[in-house]
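Opening my notebook on this one.

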Amino acid sequence: MLDPDLAGRLVELIAAGAHTDELTFAAEPGVELETGLSSRPVTTEQSNTSLIFGNLYILKLFRRISPGLSADVELHRALRDVGSTHIANPLGSISGDLDGKPVTYGMLQDFLDNTADGWAMAEGSVRDLIGEADLHASEVGGDFASEAYRLGEAVANVHHDLALSLGTAQLDRAGLERTVATMHRRLDKMVATIAELADYAGPLHSAYDALLTVGYPIAVQRIHGDLHLGQVLRTLNGWVLIDFEGEPARPLPERSAYMSPLQDVAGMLRSFDYAARHLLVGLAPDPQLDYRANEWAERNRGAFCDGYASVGLDPREQPALLRALELDKAVYEVAYEHNNRPTWLPIPLGSVARLASDGADSQR
Ligand SMILES: Nc1ncnc2c1ncn2[C@@H]1O[C@H](COP(=O)(O)OP(=O)(O)O)[C@@H](O)[C@H]1O
Ligand SMILES: [Mg+2]
């Protein structure tokens, strides 16, 4: 992929709609591609391999292949079909057969030039906050809240469009019980190996069980599945969501299941927490800074929910669901940091502690 001539060949094959014994290259209907563009690899950390062609296209080559149409291609097409303005349009694909099953090897999309990713922007805002010794999140120049609001609107619009394109359902009793049982199982597994979590096991289990008695129906649909600030790009016109592959650790059939859209909301809320706190890792403890970082997180989490609620359902109207989903995510993060980045462990562990202790008033 580092060989620009070879890489350029891939776009030519897509443009030509070429077939080999193993592979099918296809442009999306109506798409005319430019060829002969120079290519360069994406340099940010990635789980796949992406190449940028002349600042016009980006080609993602999937490293881990599962049988079936990739959710990334499927959801981009579904959103394109209903005219979503919050995606980079899909332009082509590379697919094939593996052991008799269809697989997707690559996806070509519009490259969005002159963008900043949500994580970098949020981090800049927090850096500003830390630099201003006495100011609150609402007072610093780099306040992120209006962007967080717009991001909430964008995510709600994408959920609306996914529902329009691919349908919705209500989680039935059996589905709800399965979901809750999965959360319990994941927690038990983590508690067995991570001593720090044991203190919170009780409140966490009750937070999951609270889902069984909520008084509202739980709507489910196709969702992004792995939403965080690193998966959104701020273009000159607004926010775009990228990377609809779903949670990479899950098998494909599970990833394409209907899920609550609040799972994406929970992912984004967790991301605001991370953005607020990760720059404090390694600094001398400072209660005032902790307080202001917390204020930043709450301000932006609130603004995100306000923006979401201006288009769709207010996520805060389903507190037990949102809390269980956030906790489930935070437990996963605790395990991840425990195994890979122990200095960051206090970030999700602190959130687990906070969410576990403010449970009493959100058991509905
Ligand atoms: N359409 C796009 N326009 C501009 N940059 C993009 C686009 N899609 C992805 N990127 C950049 O490439 C990076 C990796 O893309 P992503 O689809 O998230 O891959 P992965 O599945 O490996 O996480 C993103 O973080 C972003 O910086
Ligand atoms: Mg990604």
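Entry one, the second largest pocket. I looked up its volume and got about 910 Å³ of space. For my own record, on a 1 Å grid over the protein atoms alone, a pocket is an open set of points with protein on both sides within 12 Å along at least five of seven lines, and lining residues have an atom within 4 Å of a point. A volume is the space filled by probe spheres set on the points, with grid points joined across faces, edges and corners.

I then asked which residues line this pocket: there are 35, and T182, R186, R250, M259 and Q263 are the closest to its centre. α5 (173-193), α8 (262-277) and α10 (319-340) are the elements giving two or more residues to that lining. α5 has the largest share, with ten residues. Helices here are DSSP runs (H or I, at least four residues), numbered from the N terminus. Sorting the lining by class, I noted 17 nonpolar, seven polar and eleven charged residues. Ala, Val, Leu, Ile, Met, Phe, Trp, Tyr, Cys and Pro count as nonpolar, Asp, Glu, Lys and Arg as charged, and the others, Gly among them, as polar.

A note on the source: this is a predicted model, where local features need pLDDT of at least 70 and side-chain atom pairs count only at pLDDT 80 or more, while totals for chains, interfaces and linings use all residues. Residues are numbered from 1 along each chain as its sequence is written, chains are lettered from A and ligands numbered from 1 in the order written, and side-chain values use heavy atoms, leaving out hydrogens and water.

How many cavities of 30 Å³ or more does a search of the whole structure find? I got one. A cavity is a set of points where a 1.4 Å probe fits but cannot get out. The largest cavity has a volume of about 40 Å³, and its lining is G225, G246, E247, R250, R255, M259 and Q263.

I found 16 residues around it, with N48, K60, D110, L112 and D243 the closest; a residue is near if one of its heavy atoms lies within 4 Å. A polar side-chain atom of N48 sits 2.8 Å from an oxygen atom of ligand 1. Domain 1 (4-110) and domain 2 (116-362) both give residues to the shell, so ligand 1 lies between them; the bounds come from an automatic or database domain assignment.

Conventions. Polar contact = N/O pair within 3.5 Å; in protein donor to acceptor, adjacent residues only side chain to side chain.
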